[in-house]
Amino acid sequence: MLLTRSFAKPALSTVNGLRMTAVAALLLAAGCGKERPSLGGRADTTPVAPPSTEFVGELAYVTNEDSQNLSVIDTRTDSVVATIAVGTRPRGVKVSPDGRTVYVALSGSPKCPPSMPDEECEKLKADKTKDGIAEVDVVARRVRRVLPGGSDPEQFDITSNGQRLYISNEDAGTASVVDVQKGTIDTTVKVGAEPEGVRISPDGKLVYVTAESDTSIRVLDAATGAVKARIKVGRRPRDVAFTPDGKRAYATAEVGGTVSVIDVANNRVLATITLPKDAKPMGVRVSPDGNRVYVATGRGGTVVVIDPATNKISGSVKVGQRPWGIALTPDGSKLYTANGPSNDVSVVDTRKLQVIKTIPVGKIPWGVAIGKAPESGK
């Protein structure tokens with residue numbers, strides 16, 4: 001249906017005789033006011049853990065679609081260190097290269113569960129004034145501004161220099177290209193019905209956009225936004241990920257229960273991998289070394305591991321309910337899954353392929369992104 005559902009050691013500050021990083025000090029200061037950041041005059045009152053007294057490494061960001069906020073997780077301790085109100089139906093999420101900004105896709109289109117008939121969904125009203133991409137200041141814990149994102153933005157990707165966003169517009173069948181500095185949409189491209197997954201190739205030259213109802217992927221020229229090719233894949237493609245060398249891409253197909261292996265240079269499917277019967281493949285990521293492909297199986301409740309050398313399943317791990325968005329730490333040692341109905345995040349040790357922690361977050365977690373902690377003074 002059209003409407004859906006490591007780093008250099010930071011400088012240290014001293015507060016009340018305690019040594020802490022400048023980042024932690026800023027986070028603590030941001031949390032010491034009478035109210036935490038708010039939207040629409042309503043303060044976010046969700047309890048959060050106090051900021052860590054010393055932080056080095058990465059933060060994981062989880063969008064909570066129904067509670068309309070963003071959970072911030074310290075990946076060292078795997079605990080929530082902040083909760084930030086962002087706006088209506090947050091779904092797609094990305095971190096800027098410097099780690100100081102998180103972008104979140106917001107949508108004013110009504111949420112229609114799979115059980116709702118299309119005709120009932122179409123009767124619900126959309127508030128297009130709530131569509132956009134929230135630009136979140138990580139240290140200040142607040143939305144700095146809302147960028148235009150086209151109609152009903154769902155997923156998107158960000159360039160390596162942080163200057164452009166490529167966004168899928170689910171209810172319009174288009175992709176929008178946004179200039180971050182100007183805060184404007186530069187280009188809008190037709191990409192097929194119900195676009196969702198968006199991924200920029202490692203060399204930055206191509207953008208893949210999955211089209212669910214069109215059962216295909218549009219290949220865009222990243223520089224111009226022009227459509228270069230259309231690749232037919234499995235039924236209802238949801239997400240796509242490239243290998244580190246950019247030679248292969250893996251596209252999940254929810255209804256088809258498959259993963260398509262794509263020859264990027266020749267715009268063709270090399271192989272189709274069939275997942276277990278109960279799998280509804282959703283989010284997909286490739287390990288930093290290119291030796292594993294991780295696929296969230298949605299209602300299957302697992303993450304399946306594919307060996308790209310053989311295109312065969314090499315393992316799986318049971319996680320929370322209906323995992324959708326997944327993300328890997330930069331070293332590939334841990335994987336995080338957003339489990340919608342169970343309102344939590346599973347942390348998987350990828351070496352042992354075991355869940356090592358379950359983290360309660362907001363209501364209906366949807367997407368996950370991991371980025372380095374913001375450096376102070378920059």
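Visitor: Leaving aside neighbours within four places in sequence, which residues is Glu254 in contact with?
Guide: In this predicted model, Glu254 lies in the loop between strand S21 (248–253) and strand S22 (258–263). Leaving aside its neighbours within four places in sequence, Glu254 is in contact with Arg235, Arg236, Arg238, Ala279, Lys280, Pro281, Met282 and Arg299.

Visitor: Is Glu254 buried or exposed?
Guide: Buried means under 20% relative accessible area. Glu254 has a relative accessible area of 8%, so the residue is buried.

Visitor: Which side chain does a polar contact of 2.3 Å join to that of Glu254?
Guide: Arg238 is among the residues in contact with Glu254. A polar contact needs a pair of N or O atoms within 3.5 Å. At 2.3 Å, the side chain joined to that of Glu254 is the one of Arg238.

Visitor: What volume does the largest pocket have?
Guide: The residues nearest the centre of the largest pocket are Lys94, Asp157, Ile158, Arg199 and Ile370. Its lining has 35 residues, and by class these are 17 nonpolar, 11 polar and seven charged. The volume of the largest pocket is about 1200 Å³.

Visitor: Which element gives the largest share of the lining of the largest pocket?
Guide: The elements that give two or more residues to this lining are S8, S12, strand S16 (195–200), strand S20 (237–242), strand S24 (284–286), S28 and S32. The largest share is five residues, and it comes from S32.

Visitor: What volume does the largest cavity have?
Guide: The largest cavity is lined by 15 residues, with Val93, Gln155, Arg285, Gly367 and Val368 nearest its centre. Two or more lining residues come from each of strand S8 (93–95), strand S12 (153–158), strand S28 (323–328) and strand S32 (365–372). The volume of the largest cavity is about 110 Å³.

Visitor: How many residues in the lining of the largest cavity are charged?
Guide: Arg285 is one of the residues nearest the centre of this cavity, and Arg counts as charged. The lining divides into six nonpolar and four polar residues, and the number of charged ones is five.

Visitor: What is the bridge partner of Ile158 in S13?
Guide: Ile158 is among the residues nearest the centre of the largest pocket. S12 and S13 pair in the antiparallel sense over four bridges. In the hairpin of these strands, five residues lie between them, and Gly162 takes a positive phi near 75°. In S13, the partner of Ile158 is Leu165.

Visitor: Which residue in S14 stands opposite Leu165?
Guide: S13 and strand S14 (residues 174–179) run antiparallel and are joined by six bridges. Their hairpin has four residues between the strands, and Gly173 in the turn has a positive phi of about 65°. Opposite Leu165 stands Val178.

Visitor: How many of the six residues of S13 are buried?
Guide: Strand S13 spans residues 164–169 and is mostly covered. Of its six residues, the number buried is five.

Visitor: Is Leu147 buried or exposed?
Guide: Leu147 is found in strand S11 (residues 142–147). Not counting residues up to four places away in sequence, Leu147 touches Tyr103, Gly132, Ile133, Glu135, Leu165, Val180 and Gly183. Because its relative accessibility is 2%, Leu147 counts as buried.

Visitor: How far apart in space are Leu147 and Ile185, C-alpha to C-alpha?
Guide: In sequence, Leu147 and Ile185 are 38 residues apart. In space, the C-alpha to C-alpha distance between Leu147 and Ile185 is 8.8 Å.

Note on methods:
Residues are numbered from 1 along each chain as its sequence is written. This is a predicted model: local features need pLDDT of at least 70, side-chain atom pairs count only at pLDDT 80 or more; totals for chains, interfaces and linings use all residues. Side-chain values use heavy atoms; hydrogens and water are left out. On a 1 Å grid over the protein atoms alone, a cavity is a set of points where a 1.4 Å probe fits but cannot get out, and a pocket is an open set with protein on both sides within 12 Å along at least five of seven lines; lining residues have an atom within 4 Å of a point. Grid points are joined across faces, edges and corners, and a volume is the space filled by probe spheres set on the points. Buried means under 20% relative accessible area, exposed over 50%, partly exposed in between (1.4 Å probe, protein chains only). A polar contact is a pair of N or O atoms within 3.5 Å; within protein, one must be able to donate a hydrogen and the other to accept it, and residues adjacent in sequence count only if both atoms are side-chain atoms. Contact means heavy atoms within 4.5 Å. Two strands pair if DSSP finds at least two bridges between them.
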